[in-house]
Amino acid sequence: MNKAIVTPLTQALAEGKLSRDELKSFMQRSNGPAAWRLLVWVLVLASTGGLIALAWDSWLIWPAMFLHGIVIVHHFSLQHECVHYTVFRTRWLNDLVGNICGLILILPHKHFRYEHCDHHTFTQLEGDDPELVPMPQTFGQYLYYLSALPYWRAKFTELFSHAAGQLTDDEKRFIPSVEYLSVFREARVMVAAYATLLVVMIATGWWAPLWYWFIPLMMGEPVMRFIRMTEHVGRPTVPQMHENTRTNIVSLPWRFLCWNMNYHAEHHYVASVPFHALPRLHEKLKDHIFVEPNGYLGAHRDILGQLFSGHGPAVDGTSNRGG
């Protein structure tokens, strides 16, 4: 397999898909779009949380928690953008919001940043991409991944291993040695925060975090696994961006929740373009990337079609399904 690194920015410029002036305009960062989006985000979060309160003495509390959980797990999309420092123009705001999201999701922000950097460098390259989700070989494997059980097992193992001062060999490859202690400290602070919250809950009988955070988080994570599969699973394990990443055309509510990360191929082409400019970048690149016009469900039909047929994705150099 050719593991030559293909840089999205240089590839996009070299192939003439973007002019340098257009790219410069797309890469402009601002605090304004994120500020407005965060205001609406908090209102949506408060609304779904309010549904739990309204349904407290009813069986409807379970669908209410599930809906709230879908919003909670999409903090991942916001944290992901903060990792790239593209949510805000002000750098420390990206760090602050990213760490808050990480605390909500039980996903240490610094560790995620280093892991995600290698994901962009080695996208879909087996043995090099630390975030690669392998194509399931059976329907049972497909369902097991969607259950989020392997995800939580890996994340809790990482958290407690880091708190104990341990890194895997793969982690030592993408985390600079000078940052080892920072990663350990981050995990210890998070474990201490969760332990303190648990002690307070037991001592006071205040169980709101369980009903408004932890249970919805667990219920919602399979939805995030469903979405994350659509980004790369079922695409070729090759370095070419127009082949290894899938853009999904989804409705406005989903675009809002995922901070436009449905435009995932565009994001991989030029990762420094902020979320609010990705729709414009899509218009420039849509004829040169793999586009799934039927959204997340269409992507899963593609994945399941490959699984049951035993045939992998076609690689033809353009791979545009959007016409």
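User: By class, how many nonpolar, polar and charged residues are in the lining of the second largest cavity?

Analyst: The lining of the second largest cavity has three nonpolar, three polar and four charged residues, where Ala, Val, Leu, Ile, Met, Phe, Trp, Tyr, Cys and Pro count as nonpolar, Asp, Glu, Lys and Arg as charged, and the others, Gly among them, as polar. This is a predicted model, in which local features need pLDDT of at least 70 and side-chain atom pairs count only at pLDDT 80 or more, while totals for chains, interfaces and linings use all residues. Residues are numbered from 1 along each chain as its sequence is written, and side-chain values use heavy atoms, with hydrogens and water left out.

User: Which residues line the second largest cavity, and what counts as a cavity?

Analyst: The lining consists of H119, Q124, D129, E131, L132, V133, R228, E231, H232 and V233, and about 70 Å³ of space lies inside. On a 1 Å grid over the protein atoms alone, a cavity is a set of points where a 1.4 Å probe fits but cannot get out, whereas a pocket is an open set with protein on both sides within 12 Å along at least five of seven lines; lining residues have an atom within 4 Å of a point. Grid points are joined across faces, edges and corners, and a volume is the space filled by probe spheres set on the points.

User: How many cavities of 30 Å³ or more does the search find, and what is the volume of the largest cavity?

Analyst: The search of the whole structure finds five of them, and the largest has a volume of about 130 Å³. Its lining is made of 16 residues, with S77, R228, E231, M261 and H264 lying nearest the centre. The elements giving two or more residues to that lining are α5 (75–83), α7 (109–121) and α12 (208–232), with helices (H or I, at least four residues) taken as DSSP runs numbered from the N terminus.

User: Which element gives the most to the lining of the largest cavity?

Analyst: That is α12, with five residues, and α12 also gives the most to the lining of the second largest cavity, with three residues.

User: And the largest pocket, what is its volume and which residues lie nearest its centre?

Analyst: The largest pocket has a volume of about 800 Å³, and P130, E131, L132, V133 and A154 are the residues nearest its centre, out of 31 in the lining. Among these elements, α9 gives the most, with six residues, and the lining as a whole divides into 16 nonpolar, three polar and 12 charged residues.

User: Switching to α8, which of its residues are buried, and why do they line one face?

Analyst: In α8 (residues 139–146) the buried residues are Y142, Y145 and L146, buried meaning under 20% relative accessible area with a 1.4 Å probe and protein chains only. Seen down the axis of α8, they fall within an arc of 100°, so they line one face of the helix; the arc is that of the directions from the helix axis to the C-beta atoms. They pack against α9 (149–163), α12 and α17 (295–309), contact meaning heavy atoms within 4.5 Å.

User: At what angle do α8 and α17 cross?

Analyst: Their axes come within 10 Å and cross at roughly 145°, the axes being lines fitted to C-alpha atoms over the stretch in contact, with angles running from 0 to 180 degrees between N-to-C directions. F139, Y142 and L146 of α8 meet H300, I303, L304, L307 and F308 of α17.

Key: Buried means under 20% relative accessible area, exposed over 50%, partly exposed in between (1.4 Å probe, protein chains only).
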